Amino acid sequence: MDEIVYSVTEFNKMVKGYIDENPNFQEFFLKGELSGVTYYKSGHLYFTLKDKSSQIKCAAFNYKYKRIPEDLKEGDSIKIFGDVGFYEARGDFQVLVRHVQKEDKLGEMFAKLEKLKNDLEKEGLFSPLFKKRLPKYPNSIGIVTAYTGAAFHDIVNTTRKRFENIDIYIYSAKVQGIGAKEEIVKGIETLNRIPEVDLIIAGRGGGSVEDLWAFNEEEVARAFYRSEKPIISAVGHEIDNLLSDLVADVRAATPTQAVEIAIPVKSEIEKQILDREKRVRSSIDRTLRLKKDELEKLKNNYVLKNFIRTIEEKNQNLVYLEERLEKSLNNIFKEKRHELELRTEKIIGLNPLAVLSRGYSITKSKNKSLKNLSEIKVGDEIETILNFGKIISEVKEIK
């Protein structure tokens with residue numbers, strides 16, 4: 001077989017001719033994800049279209065006249081219409097873009113997310129009633145994030161700066177892509193089974209909406225809600241709240257802020273303790289000085305200095321009062337005794353039996369003193385009472 005040798009120009013012309021004549025390379029559609037989007041002032045747009053395995057360069061000349069969107073950005077999913085272009089001079093192969101259409105996959109994702117938010121809210125997963133308080137002085141924290149990610153190093157470094165004695169338990173988990181939600185859930189459940197862990201920080205650094213989407217998954221949100229230990233959602237993002245933010249006990253804007261919320265600064269605590277100690281000592285010293293001054297005043301008090309003399313004077317006064325009381329009581333008793341004697345004599349004088357001693361007698365009939373003759377009749381028995389006895393007799397005659 002004869003050897004065929006082409007010059008570079010000949011070969012590039014042959015390639016260009018093949019491409020130009022092949023209908024498969026003209027007027028076709030491609031879809032993929034944007035990368036390296038660059039708008040030039042000249043009016044041209046360059047970007048790379050890629051999928052999981054491959055990528056291809058694309059160019060849209062005078063894109064404004066083709067009504068191509070001017071807000072394309074990294075990570076956008078698009079569908080393009082165009083032709084294969086081959087630039088002979090440089091041997092460059094690229095797609096010449098005629099039209100760009102955004103694929104609204106993200107819109108569908110957000111629509112599903114909104115429905116899920118409503119469902120979880122109705123269940124009460126966002127209610128403040130179920131939010132747990134963070135411990136004021138945690139001894140150990142648990143972290144669910146990628147071990148190789150910047151978020152892990154930010155959390156560890158910030159923790160060590162604030163309080164180097166705190167223990168850190170790390171569960172390395174994928175935080176984006178396939179399998180991320182399962183690993184995040186497992187990490188939260190694993191750290192909940194460690195008694196020493198006082199609180200959990202689960203999150204990652206910033207990224208595209210798609211990169212952060214694992215924290216919008218229902219399984220992850222429910223794992224946050226089921227956590228028996230206080231849990232912080234620490235995902236660096238600028239979009240609206242993720243599901244994990246709404247369900248977590250506390251939401252932090254970044255992993256670093258999560259540490260700042262959860263862990264006090266040791267030096268500040270020590271300063272607070274020293275300040276309180278100073279205030280207590282100052283208060284004690286002030287109280288002691290006041291009590292000492294009061295004691296000195298009491299020592300110089302006239303009453304206390306002359307206490308014994310005062311007691312003696314009070315005793316003398318007490319004896320004097322006692323004598324007066326006794327004398328007064330004796331006088332009262334004497335007056336009352338004399339009054340009693342007079343009344344007794346008077347009562348005795350009024351006693352009907354007293355007349356018997358003067359020779360008189362009392363006559364009774366049927367145990368009643370006789371006052372009228374009509375009270376007796378002949379034959380009645382009567383009783384005559386004398387001073388020293390009595391006479392029983394029968395009535396013979398009434399005159």
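## Aromatic pairs

Phe61 has a relative accessible area of 29% and is therefore partly exposed, a class that lies between buried (under 20% relative accessible area) and exposed (over 50%), with a 1.4 Å probe and protein chains only. This is a predicted model, in which local features need pLDDT of at least 70 and side-chain atom pairs count only at pLDDT 80 or more, while totals for chains, interfaces and linings use all residues. Residues are numbered from 1 along each chain as its sequence is written, and side-chain values use heavy atoms, with hydrogens and water left out.

Tyr46 is also partly exposed, at a relative accessible area of 30%. The ring centres of Tyr46 and Phe61 are 6.1 Å apart and their planes stand at 85°, so this pair is edge-to-face; rings of Phe, Tyr and Trp (its six-membered ring) pair if their centres lie within 6.5 Å, and planes under 30 degrees apart count as stacked, over 60 as edge-to-face and the rest as tilted. Because Tyr46 belongs to strand β2 (residues 45-50) and Phe61 to the loop between β3 (55-60) and β4 (77-87), the pair ties together parts that are 15 residues apart in sequence. Helices (H or I, at least four residues) and strands (E, at least two) are DSSP runs, numbered from the N terminus. Ring pairs also bring in Tyr40, which is linked with Tyr46 and Phe61 into a cluster.

## A tilted pair

The structure holds eight aromatic pairs, and one of them joins Tyr6 and Phe11 in a tilted arrangement, with 6.3 Å centre to centre and 55° between the planes. Tyr6 is partly exposed at 43% relative accessibility, and Phe11 is partly exposed at 42%.

## Packing of α3 and α8

Helix α3 (residues 150-162) packs against helix α8 (residues 255-262) at an angle of about 30°, and their axes are 8 Å apart; axes are lines fitted to C-alpha atoms, for helices over the stretch in contact, and angles run from 0 to 180 degrees between N-to-C directions. The two helices, α3 and α8, are therefore roughly parallel to each other, a term for angles under 35 degrees.

On the α3 side, Ala151, Asp154, Ile155, Thr158, Thr159 and Arg162 meet Pro255, Thr256, Val259 and Glu260 of α8, where contact means heavy atoms within 4.5 Å.

## Ser365 in strand β11

Ser365 is placed in strand β11 (residues 362-365) and counts as buried, at 7% relative accessibility. Apart from its neighbours within four places in sequence, Ser365 is in contact with Leu370, Ile376, Glu381 and Ile382.

Key
Parallel < 35°, antiparallel > 145°, perpendicular 65-115°, else oblique.
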